[in-house]
Amino acid sequence: MWNKVEARSMEISMEDEDSRKKRKNVLKLPKKMKKILKNLWNVGKEDPRRVIHAMKVGVALTLVSLLYLMEPFFKGVVKNALWAVMTVVVVLEFSAGATLRKGLNRGLGTIIAGSLAFFIEWVAIHSGKVLGGIFIGTSIFLIGSTITYMRFIPYIKKNYDYGMLVFLLTFNLITVSSYRVDTVIKIAHARLYTIGIGIGICLVMSLLVFPIWSGDDLHKSTFTKLQGLSRCIEACVHEYFEDKERDQESSDSESDDEDLIYKGYKTVLDSKSADEALAMFAKWELRNTRLCHKFPSQQYIKVGSVLRKFSYTVVALHGCLQTEIQTPRSIRILFKDPCVRLAGEICKVLSELSESIQNRRHCSPEILSDSLEAALKDLNSTIKSQPKLFLGSNLHRQTVEQNDTVSPLPLNSVVSLSSLRSVKKSAATGEKRRLRKQLSKIAVMKSLEFSEALPFAAFASLLMEMVARLDTVIDEVEELGTIACFKEYDKTVEVRVEKPVNLVVGD
């Protein structure tokens, strides 16, 4: 009896736990829904064009579905309207270039495959039933193998891989079906019409209704990366020379600086695949060739590659802020002004390059001004004015040499005085030990000063390396302006590149 009561109580407790879990899940449901809605809102807020693209796809699918509703106008097409729906779903992409690429690949693949299949069918009909079947099988083998092998060619795989797949599918469907079905030609014509309708709707929605151009996105991405690197360098220098003894209220600004630095160079380092995709889609957009003979997509890729190499120094500069061994603030403050000045000049050059690309004009002839060279010389002279910090190893070597020269009294001066030998020997040994302790302390202090100066030496050398790499970035941007037919630099228009506020750091 007692066992039954205990088992019943356990069942009741388990039911209570299940009911509590269900209640918790029900209470968490509004939070989950709120989180999902917030994520959906953030996706649209990040790029409002995504909402426009979603609406464009909905309108295109609605127009295609009218093929079923308007049967009196499309009696011969209504049975194959599914192909138009599939075309809209597959072809209509986010940008106009991507839509043109897929639409032309699908259209040309379908037309060429249909034409070749009709020719093979005509030959097979006039060759008899047996020879026609052999001819069809041989043609399918040869063409299928050839097209599949051609897909391994890098240029074809990059630009026409989807068209090759459509060609294989269409060719095999028409060729094999025509051997048994006599009306396959009519079916192929109807499918071709519906695919053409789907492609036409996609092109109209992509090119005429709020078009999104890959060339503009690539152009915007390039000058945005330059701006991001400029802000990243500003934040690094600001954080390196600012006072670390701050209250908790400034911790939020510190985390914001970290996010700004990280996002600045991460966007550049992760942009290779996106830039290559945008460049490939931009080739299909005839709009980009209205001013030049050809859209300089490869030059945009070169600029992105140079910026990635430049950003490696920014990553290393950020790493100097996170090392365990840091140069004391008393030493860093000696070099604050020249470093801030040099970083400001580097940011000015990057901002000028960004603005020239943004406005589609050539760079200023004085982009590498005398102030940049003066700032570099100022930092170099300031470092030379503190030789004790950066020549600590030489001082340590001199100390060791001095230590080696210290020796007890000569032996011939104490041999005649045998009675005082032991006393003088002990006194000389004690004096030698005291001298060694003092000299070893001096050597340790010098070596510590040298090791403490090493992190700043790395920081300063990275700033100088940035100046050296600016030449390559400027050359590639000027080459882009020449190929893209940018307008000439107008001296009458004053281009103001202000020094950022973040570089004004306090003592």
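This is a predicted model: local features need pLDDT of at least 70, side-chain atom pairs count only at pLDDT 80 or more; totals for chains, interfaces and linings use all residues.

**Charges, rings and salt bridges**

Let me begin with Lys-102, whose charged end sits over the ring of Tyr-162, 5.3 Å from the ring's centre.

Are the two partners buried or exposed, or something in between? Tyr-160 has a relative accessibility of 32% and therefore counts as partly exposed, whereas Trp-284, with a relative accessible area of 17%, is buried, because the cut-off for buried is under 20%.

Compare that with Phe-167 and Phe-171, whose ring centres are 6.0 Å apart and whose planes meet at 5°, so this pair is stacked. Both residues are in helix α7, and because they are four residues apart there, about one helical turn separates them. Phe-167 counts as buried at 9% relative accessibility, and Phe-171 counts as buried too, at 0%. Coming back to Tyr-160 and Trp-284 for a moment, ring pairs link these two with Tyr-155 into a cluster.

Now to the salt bridges, of which a search of the whole structure finds 13. The side chains of Asp-216 and Arg-360 meet in one of them, with 3.8 Å from N to O. Here again distant parts of the chain are linked: Asp-216 is in helix α9 (residues 214-241), and Arg-360 is in the loop between α14 (336-358) and α15 (370-384), 144 residues apart.

Another salt bridge joins Asp-378 to Arg-341, where the closest N and O atoms are 3.6 Å apart. Asp-378 lies in helix α15 and Arg-341 in helix α14, so this contact ties together parts that are 37 residues apart in sequence. Asp-378 is partly exposed, at a relative accessible area of 28%, and Arg-341 is partly exposed at 34%.

What, then, of the salt bridge between Arg-361 and Glu-352: are its partners buried or exposed? The closest N and O atoms of this pair are 3.2 Å apart, and here Arg-361 is buried, with a relative accessible area of 7%, while Glu-352, at 6% relative accessibility, also counts as buried. Finally for the charges, Asp-47, Arg-49 and Asp-217 are linked in a network of salt bridges.

I would like to close with the surface and with the record. A nonpolar surface patch of about 710 Å² is made by Val-59, Leu-63, Leu-66, Tyr-68, Leu-69, Met-70, Leu-82 and Met-86. Which helices supply it with at least two residues each? They are α2 (49-69) and α3 (81-91), with α2 giving the largest share, five residues, and with Leu-82 placed in helix α3.

As for the record, an unreviewed UniProt entry places the feature "transmembrane region" at residues 51-69, 81-100, 107-125, 131-150, 162-181 and 193-213. If we look at two of these spans in the model, residues 107-125 are 100% helix and 0% strand, with the end C-alpha atoms lying 27 Å apart. For residues 193-213 the model gives 71% helix and 0% strand, and there the end C-alpha atoms are 28 Å apart.

Definitions and conventions: Residues are numbered from 1 along each chain as its sequence is written. Side-chain values use heavy atoms; hydrogens and water are left out. Buried means under 20% relative accessible area, exposed over 50%, partly exposed in between (1.4 Å probe, protein chains only). Rings of Phe, Tyr and Trp (its six-membered ring) pair if their centres lie within 6.5 Å; planes under 30 degrees apart count as stacked, over 60 as edge-to-face and the rest as tilted. A charge sits over a ring if NZ of Lys or CZ of Arg is within 6 Å of the ring centre and within 35 degrees of the ring normal. Patches are made of residues with over 30% relative accessible area and no salt bridge: like charges are joined within 9 Å, nonpolar side chains (Val, Leu, Ile, Met, Phe, Trp, Tyr) within 5 Å. Accessible areas come from the Shrake-Rupley method with a 1.4 Å probe; for residues, only the protein chains shown count as cover. A salt bridge is a side-chain nitrogen of Lys or Arg within 4 Å of a carboxyl oxygen of Asp or Glu. UniProt positions are given in the numbering used here, feature names are shortened, and annotations may be inferred rather than shown by experiment.
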